[in-house]
Structure formats: C-alpha cells, structure tokens
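Here is a briefing on one protein model.

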Amino acid sequence: PEEVKARIMAKYPPKVARKRSKQFVINKVGEDGKTPVINANVRTVPGLMGQRGCCYAGCKGVVLGPTRDIINITHGPIGCGFYSWLTRRNQTDPESTPDGHNFMTYCFSTDMQDEEIIFGGEKKLKQAIQEAYDNFKPKAIAVFSTCPVGLIGDDVHSVCREMKEKLGINIFGFSCEGYKGVSQSAGHHIANNGIFKHVVGLDDTIKEGKYRINLLGEYNIGGDAFEIERIFDKCGITQVAAYSGNSSIDAFANSHTADLNCIMCHRSINYVAEMMETKFGVPWIKVNFIGAEATAKSLRKIAQYFGEQELIDKVEEVIAEELPEVEAACAEVRPRTEGKRAMLFVGGSRAHHYQELFGELGMKTLSAGYEFGHRDDYEGRKVLPDIKVDADSRNIEELTIEKDPERFNPRISEERKAELENSGFEFNDYDGMMPEMPDGAMVIDDLSQWETDQLIKIFKPDLFCAGIKEKYTVQKHGIPLKQLHSYDYGGPYAGFKGAINFYHEIDRMVNSRVWEYMKAPWDKNPELAATYACD
Ligand code: CFM
Ligand code: HCA
C-alpha cells in the first residue's frame, strides 16, 4: 500500500499531492486504539472528479426527503428538484399515520426561470406555497434553496414566515444552497438545525410504550427501516420517531419525549442527538443494524440501557429466534465468499457499517473511505477537540442550545450512568471506521475517479462498492460494482432478514464472471481508447 500511495501521489502536481496524501492514509491501530490522522471534510481539488454531492442534496434529498407528510418545495431551477425526486429510494408507509398523507411521490419545485433569476423569485415562491396548500392541505411545507437563490438573495425565511402566518400551518425554509460547505455534509447540519428550531418539541404528549426510543440516521433505503421496525416491535421496543426513514412530521414534533436516541448514521444526524440531549436530557448511543452480529449487539445495548430484566430476556429470545436462519444462510454462502476482497467508497457511514456484513462473509476490506465523512467518522469522536474549524465549516450555523427550563428531564441518574459506563457501556460515543480496520488497509477520503481506476488496475478487487456515477466505469474494468446507496434496487440489507438478502446478493456478484467476459468499447476498437494526461 505504501508503494501504491507513492505511485499515485507521484502523478499529481506537488501541491495536489501534498493535499491528497493527507487524505490517503495507510491504517495502523495503536495499542490505545489510536489511528493515524486523516484529513477530511475539506474542499475537493478542482479538476479531480469526485463522488460528492451538494449541500442541497444533503438537506433536502437526504435528511428531509424521506418524511412523507411535509411538502418539500425546491426553490430553484427544475433540475435540482427533479434529480432529488425519489432517486434515493427511501420508502415509506403512509398507512402508519391516520391521514395517510404521502407527498414523496410528487416533485414540488418553483421551476425558476431567467425572469426570476433577474427580478427575484420570492413572488413565485409565495405562489408555489399557496398552490401546494390549496391542492393538498398539508400540515407543513418546507422550502429548500438551491444555488441561484443564494446568489440573487431571495429571502426564503421571510417568505416562509409570511405564508405561515397567512395559512396557519407550519412553514419553514432552509438556506441550503448547493455551494454551502464542501459536500452534502453541510446540508445535513442545516437540516438538523431547521428541524430542531421549527419542529422538535411542538408536541409534549407522552405516548404509550415502556421502552421508548428514537432511531436517528436511518433513512429506509430499500426498506431497511421496515426491517428494523419489525425487530423493535418483536422486542417490545417503541420507536417514537425515526429520522427520517418512514417518518412523519408529528413524530418529529413529539420525538423529545423518547427516553433514548439511537444513532445509526452518525455523520448525518449527530447534531439532532446532541441538541436534544442538551435541551431535553435525552441521552444518545451509537447503534448499527447493518450486519446480524451488529444488530444483536445494538439490541443488547438498548436493553442494557433500560436495564429491565424483562426486556433483556425478550431481546435474547428474539436474537435466538432470528439468528439460526441468518447463520444457515451465511454458512451456505461463506465457502464461496471467504477471502474475496472488497473496496468500499460511500457517503459518510456505510463504508464503515458494511464492513460488518463483509466480515460475516469472510471477505476482506482492502480499502475504504467516505465521500464527506469528518475526522470523527474515521478516527472516532475522541478527536473532536483536535478538529480545526475552517472557514467552510464556520459558514454553517451552530445553534446555541440551552436546557429547557420546564422540560429538561435527565432520563437516567448520574449514578446509573456511571454504573453503566463502568461496565463498558458507551454514551455519546462513536469510535469511527479506522480502529476497526486492519493495519495496512488504505483509508482514502473523497476518492477521485482517477484514483478509482488506479486502485482497480493495481489490486483487481473482487467487488467495488460505490454509487451510480462510479458503477459503469468500474464494470468496464471487468469488476462488479455493488451500489451501497440505492442497493441497486434491492434490499433491505439491515437487520436479520436484510443480512440474508445481502449474503445472497454478494455471493451472486463475486462468483459470477459476467463482467470479466465483457469487453469495453475501447478494448474492441483501439481508436476509442484515451489516456489521462498523467497515466
Ligand atoms: Fe448517512 Fe445515509 Fe450515508 Fe448519508 Fe448519503 Fe445515503 Fe450514503 Mo447516499 S445519510 S452518510 S448523505 S448513511 S444518501 S442513506 S447512501 S451517501 S453512506
Ligand atoms: C446524494 C444521494 C446519494 C447518491 C447516490 C449515488 C444516494 O448524495 O445526493 O451516487 O449513487 O444515496 O442516493 O448519495
């Protein structure tokens, strides 16, 4: 790996090489669990073709898109709304709320034209809000700003305030222009702030349920949340709210009444957990429902938090009931997947979580990285105090949150918390991806297209995991690509049933030789071949 890194860096101009080498790290886990420092959440070098999306995608597409009963209006040219129209495959079950509203199948946009760019788009936005209200009578409308909105200076927040007053429903806006921040990650933060300011805490009713939790950072891609809900139901755990897979606005409004926040995707939603703890006293823990072992471990952790024997026993019973089928599927597949080598480059959490499933299959992760994870997602939250806040991050509002004078209620006593912690239970912690990866694995942040080609040519992995933009070029190298964003229209892969689906899918992919047989057009017709200037 060291030599490969040196070879790749040698092709870059010195300044680029200096920057990229800090984002291309050979893993080494020290005795104390410490790993090398990686540079992350920094601007992509212009000219390098990366995998990242924009701030608007993170805010509208990722965090708020999956909520079915908010009308999400994209204020901008039609492409932004169109491209974020269910392409993420977040599923929902409208029948789980009484009014059955589901606006996710619609694409709402102000469809900005030259005229609005020149003379301002606020009037058209007001009309769009009115029209959406007249046609659908929703409980809430959210407005998402795209790049031109920030450039021309439309004040979406004052439009929202005015229309909220006029229509008497909850209307709020997001200044999540695509260019804010360096990636989707900025959009997550803006979305978290907005939900917290405008929705969380609006409904104090304590609903039924003994073990009441929120699941944060699970977006129901390919039905993952349905499988996790199935498991919670079976264990007798009540999910008050999910952020935001299969979610509704009423659940967000009530979510501060839960007794524990469980975080799946730390990157996209840790802000909500932190703010809810400060304001309302709800503690948070990190969980992971990708991988059968990880699922069992997370359920046990939830049961341990509540500390009631009844729940601890129930969780064990469910695990004992579910695991045999998973283990049988794994045992059947594993002789064919054992020792195969994978590379994973996705988002800000799955590149870590999916290593669990590959581990269960006996597969090795040669290299992994995030598109937009921060250092804490790589090295663990222990590095938070050392992270330098640069101008791009400072650009994103940091809300000042205080204890709610009436509603703050610490869910567990200091003594009980200390007792749990002494037995190894971790609150407010995420250890990150690198401590769990073997020494010598290549951890690469914000991987570029050219680097992808190099890694594939040098290592010829059995499977490459990334997204739609990477899929076809990787396949043209003869290597199968599994989309870990959209799941290639399959799934669910979470929980117990999901693990079984994944085992079968990966068996099929790494043992079929179809991509090897395929010849790329330039292999057949050399005149179509091209080389990178630095090849
Ligand atoms: Fe979290 Fe996600 Fe991900 Fe993400 Fe995403 Fe996604 Fe992802 Mo695509 S919230 S960081 S911004 S787990 S949309 S459901 S698959 S890049 S790894
Ligand atoms: C996004 C959404 C995305 C894109 C996936 C991909 C998703 O970043 O805006 O590149 O295949 O999961 O849908 O991450």
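**Charge on the surface**

Glu 426 has a relative accessibility of 33%, so it counts as partly exposed. This is a predicted model.

- Glu 426 sits in the loop that runs between α18 (414-422) and β12 (442-444).
- A patch of negative charge on the surface brings together Glu 414, Glu 415, Glu 421, Glu 426, Asp 431 and Glu 436.
- A patch of positive charge, also on the surface, gathers Lys 15, Arg 18, Lys 22 and Lys 388.
- Of these, Lys 22 is located in the loop between α2 (14-21) and β1.

**Salt bridges across the chain**

- The structure contains 36 salt bridges.
- One of them joins the side chains of Arg 52 and Asp 446, at 3.6 Å from N to O.
- Arg 52 and Asp 446 are both buried.
- Asp 259 and Arg 411 form another salt bridge, with their closest N and O atoms 3.0 Å apart.
- This pair also links distant parts of the chain, as Asp 259 and Arg 411 are 152 residues apart.
- Asp 259 belongs to the loop between α11 (249-254) and β8 (260-263). Arg 411 belongs to the loop between α17 (391-394) and α18.
- Is Asp 259 buried or partly exposed? Its relative accessible area is 22%, so Asp 259 is partly exposed. The cut-off for buried is under 20%.

**Helix α16**

- Glu 379 and Arg 375 make a salt bridge, and their closest N and O atoms are 2.7 Å apart.
- Both residues lie in helix α16 (residues 375-379). They are four residues apart, about one turn of the helix.
- Glu 379 has a relative accessible area of 3%, so it is buried.
- Arg 375 is buried as well, because its relative accessible area is 14%.
- Elsewhere, salt bridges with shared partners connect Glu 227, Arg 230, Lys 234, Glu 321 and Glu 322 into one network.
- Tyr 378 is also in helix α16. Its relative accessible area is 0%, so Tyr 378 is buried.
- Tyr 378 and Glu 527 are 149 residues apart in sequence. In space, the C-alpha to C-alpha distance between Tyr 378 and Glu 527 is 43 Å.

**The parallel sheet**

- Strands of a sheet pair through backbone hydrogen bonds, in either a parallel or an antiparallel sense.
- Six bridges hold strand β2 (residues 70-75) and strand β4 (residues 140-145) in a parallel pairing.
- Ile 70 is opposite Ala 140 in β4. Thr 74 is opposite Phe 144 in β4.
- β4 and β5 also run parallel, and five bridges join them.
- Which residue is the bridge partner of Ile 141 in β5? The partner is Ile 171.

**Burial of the strands**

- β4 is mostly covered, with six of its six residues buried.
- Both faces of β4 are covered. Ala 140, Ala 142 and Phe 144 are on one side, and Ile 141, Val 143 and Ser 145 are on the other.
- Why is β5 largely enclosed by the rest of the structure? Five of the five residues of β5 are buried, so the strand is largely enclosed.
- From β5, Asn 170, Phe 172 and Phe 174 point one way. Ile 171 and Gly 173 point the other way, and all of these β5 residues are buried.

Methods: Residues numbered from 1 in each chain as written. Chains lettered and ligands numbered in written order. Predicted model: local features only at pLDDT ≥ 70, side-chain atom pairs only at ≥ 80, totals over all residues. Heavy atoms only, no water. Patch = residues over 30% accessible without salt bridge, like charges linked within 9 Å, V, L, I, M, F, W, Y side chains within 5 Å. Areas by Shrake-Rupley, 256 points an atom, 1.4 Å probe, with all protein chains shown as cover. Salt bridge = Lys/Arg side-chain N within 4 Å of Asp/Glu carboxyl O. Lys, Arg positive; Asp, Glu negative; His and termini not counted. Charge placed at Lys NZ, Arg CZ, Asp CG, Glu CD. Helix = DSSP H or I, 4+ residues; strand = E, 2+ residues; numbered from the N terminus. Buried < 20%, exposed > 50% of the residue type's maximum accessible area, 1.4 Å probe, protein only. Pairing = 2+ DSSP bridges.
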